[in-house]
Amino acid sequence: MRPSAPSHPAYLRVVRASAWYDLIVTVGFATPWTYTLLHGALSSLGGALGLGVLPALDPIQILYANLMGSVVTVWALLRIARPLPVHGAADGLARALFAMWQAYALAHGAFRLLWLFFVVEVAFGLVQIVPWLRTSDASTSTTPADRPRQSTR
């Protein structure tokens with residue numbers, strides 16, 4: 001899939017699609033009650049697939065899950081309600097950071113079901129960042145003859 005320019009409507013559809021993915025995947029992390037249910041479901045799924053189970057719940061794990069879930073839910077709602085090119089750039093950067101920390105966790109023995117989330121983070125991150133890199137390359141690759149002339153008045 002060839003990424004669209006950041007100002008193109010197709011790019012904004014990607015920004016909104018990534019927001020819907022985030023909302024669906026993270027809203028369950030936003031409260032202690034929903035996270036407890038989600039934790040059990042993810043552990044069961046990981047066990048059934050032979051990918052391991054999550055560690056037992058503790059108050060600090062629940063706190064961090066709720067913080068992440070709350071912030072990502074609000075961020076997703078903003079991008080659904082008002083997708084802007086700059087939101088795609090920021091989200092692409094955030095996904096690069098999330099993917100780095102997921103890779104770090106996976107390299108240190110984390111729950112292997114995390115690989116599924118890692119792949120999606122990388123994919124949405126690339127689709128949202130690459131158009132900005134192309135825009136940057138295009139703006140720096142012009143020759144002096146290609147640039148508009150400025151008045152000498």
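Me: At what angle do the axes of H2 and H3 cross, and how is this arrangement classed?
Reply: In this predicted model, the axes of H2 and H3 come within 10 Å and cross at roughly 105°. Angles of 65 to 115 degrees count as roughly perpendicular. H2 and H3 are therefore classed as roughly perpendicular to each other.

Me: Is Asn 66 buried or exposed, and which residues does it touch?
Reply: Asn 66 lies in helix H3. Its relative accessible area is 10%, and a residue under 20% counts as buried, so Asn 66 is buried. Leaving aside residues up to four places away in sequence, Asn 66 touches Phe 29, Ala 30, Thr 31, Pro 32 and Tyr 35.

Me: Is Thr 73 buried or exposed, and what does it touch?
Reply: Thr 73 also lies in helix H3. With a relative accessibility of 11%, Thr 73 counts as buried. Not counting residues up to four places away in sequence, Thr 73 touches Leu 23, Thr 26, Val 27 and Ala 30.

Me: Which helices do the buried residues of H3 pack against?
Reply: The buried residues of H3 include Gln 61, Ala 65, Gly 69, Val 72, Ala 76 and Ile 80. An α-helix has 3.6 residues a turn, so residues three or four places apart point the same way. The buried residues of H3 pack against H1 (9–26), H2 (32–48) and H4.

Me: How are H3 and H4 oriented relative to each other, and what is the handedness of their crossing?
Reply: H3 (residues 59–81) and H4 (residues 85–107) pack at about 155°, with their axes 11 Å apart. Angles over 145 degrees count as roughly antiparallel, and H3 and H4 are therefore roughly antiparallel to each other. The crossing of H3 and H4 is left-handed.

Me: Which residues make the contact of H3 with H4, and how do they divide by class?
Reply: H3 contributes Met 68, Val 72, Trp 75, Leu 78 and Arg 79. H4 contributes His 87, Ala 90, Asp 91, Arg 95 and Phe 98. The residues of this contact divide into 6 nonpolar, 1 polar and 3 charged.

Me: How far apart in space are Ala 17 and Pro 83?
Reply: Ala 17 lies in helix H1 and counts as partly exposed, at 37% relative accessibility. Ala 17 and Pro 83 are 66 residues apart in sequence. Their C-alpha to C-alpha distance in space is 9.8 Å.

Me: What percentage of the residues of the protein chain count as buried?
Reply: The protein chain has 5 helices and 0 strands, and its pattern along the sequence is α-α-α-α-α. Among contacts between residues at least 6 apart in sequence, 70% join residues at least 24 apart. Of the 153 residues of the protein chain, the buried share is 31%.

Conventions. Residues numbered from 1 in each chain as written. Predicted model: local features only at pLDDT ≥ 70, side-chain atom pairs only at ≥ 80, totals over all residues. Heavy atoms only, no water. Axes fitted to C-alpha atoms, helices over the stretch in contact; angles between N-to-C directions. Helix = DSSP H or I, 4+ residues; strand = E, 2+ residues; numbered from the N terminus. Parallel < 35°, antiparallel > 145°, perpendicular 65-115°, else oblique. Left-handed = near helix turned anticlockwise from the far one by under 90°. Contact = heavy atoms within 4.5 Å. Nonpolar A, V, L, I, M, F, W, Y, C, P; charged D, E, K, R; others polar. Buried < 20%, exposed > 50% of the residue type's maximum accessible area, 1.4 Å probe, protein only.
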